[in-house]
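Take a look at the model below.

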Amino acid sequence: NREMSNSEMVKKLIVLESDKLLYNNLRQNDLDLDDYVEIDSVAERLMSKYSNLKMYDNVRNLPDCMREIQKYKPDVIVDDYIQLIDVPEERERRFQIEKIMQEYKWVCKAENCSALLVSQLNREIERRIEPRPRLSDYAESGVIEQTAEAAIFVFYGYNFNSEEYSKYECEIISAKSRYGKIGRYSIGFGGDRCKFFTNPEDAKEDLERIRSMQGGNNE
């Protein structure tokens, strides 16, 4: 976690595992007694379900990152996001990104693990009529595109045009897949629930269910 604190990420995990909590309420501490009971219940499940999860929000540079990976030898690494990694020996940003991608490639090979690396996109997407991201939108795209085994975008159209796109729909865009297929996949999304759903209808139904439990006052 390079942009978000561990405590904030834990809040998202609590909402994700809960059947009745909303992230906005938890973030603003707008909770009632039943919500606190639910949090305690979910916290116990988190300790068991995520017992092997290690989260860092203070690993700033690339050598420290590689050191932790080699120490704990995880099955999966999630790094959010790579443009925030400090690479002391490289000055130009494109060389820093190249170094990051190469180091992750080698450590995954050496430790037999997988890495999900989150990346920024450039600003070109904001000036296009078609807002869906493409490979050329990666910041320092050449290195990222060439090195990654798969390139996947999450497109939430509601942020670009709330009239044209559904609040409960999200697209997973597989732009590159060395061993699979490319294409678009429509799924459901509940931002205030911190989770994805099989389809938009399920996402809407889940949120409406919780709002009805809370009296329909949360928007």
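A salt bridge is a side-chain nitrogen of Lys or Arg within 4 Å of a carboxyl oxygen of Asp or Glu. K105, E149 and R178 are linked in a network of such bridges. By this rule the count comes to 14 salt bridges.

Some ground rules come next. This is a predicted model, where local features need pLDDT of at least 70, side-chain atom pairs count only at pLDDT 80 or more, and totals for chains, interfaces and linings use all residues. Residues are numbered from 1 along each chain as its sequence is written, and side-chain values use heavy atoms, with hydrogens and water left out.

Side chains of opposite charge can pair when their charged atoms come close. Start with helix α1, residues 6-17. Helices here are DSSP runs of H or I with at least four residues, strands are runs of E with at least two, and both are numbered from the N terminus. E8 and K11 both sit in helix α1, three residues apart, about one turn of the helix. Their side chains meet in a salt bridge, 3.5 Å from N to O. How covered are the partners? Buried means under 20% relative accessible area, exposed means over 50%, and partly exposed lies in between (1.4 Å probe, protein chains only). E8 is buried because its relative accessible area is 17%. K11, at 25%, counts as partly exposed.

Helix α4, residues 62-72, holds another pair. D64 and R67 are three residues apart there, about one turn of the helix. Their side chains form a salt bridge at 2.4 Å, N to O. D64 is partly exposed at 29% relative accessibility. R67 is partly exposed too, at 48%.

Now turn to R128. It forms a salt bridge with D137, and the closest N and O atoms are 2.8 Å apart. Is R128 buried or exposed? R128 has a relative accessible area of 18%, so it is buried. D137 counts as buried as well, at 1%.

Next come the cysteines. A disulfide is a covalent bond between the sulfur atoms of two cysteines. Here the test is a pair of cysteine sulfur atoms within 2.5 Å. How many disulfides does the structure hold? The number is zero. C113 is buried, at 9% relative accessibility. For C194, the closest cysteine sulfur is in C170, 14 Å away, which is also too far for a bond.

Patches are made of residues with over 30% relative accessible area and no salt bridge; like charges are joined within 9 Å, and nonpolar side chains (Val, Leu, Ile, Met, Phe, Trp, Tyr) within 5 Å. Accessible areas come from the Shrake-Rupley method with a 1.4 Å probe, and for residues only the protein chains shown count as cover.

V76, V78, L116 and V118 make a nonpolar patch of about 350 Å². V78 belongs to strand β1, residues 76-79. At 54% relative accessibility, V78 counts as exposed.

A negative patch is formed by E169, E201, D202, E205 and E208. Asp and Glu count as negative, Lys and Arg as positive, while His and the chain ends are not counted. Each charge is placed at NZ of Lys, CZ of Arg, CG of Asp or CD of Glu. Which helix gives the largest share of the negative patch? Helix α7, residues 200-213, contributes four residues. D202 is found in helix α7. D202 is partly exposed, at 32% relative accessibility.
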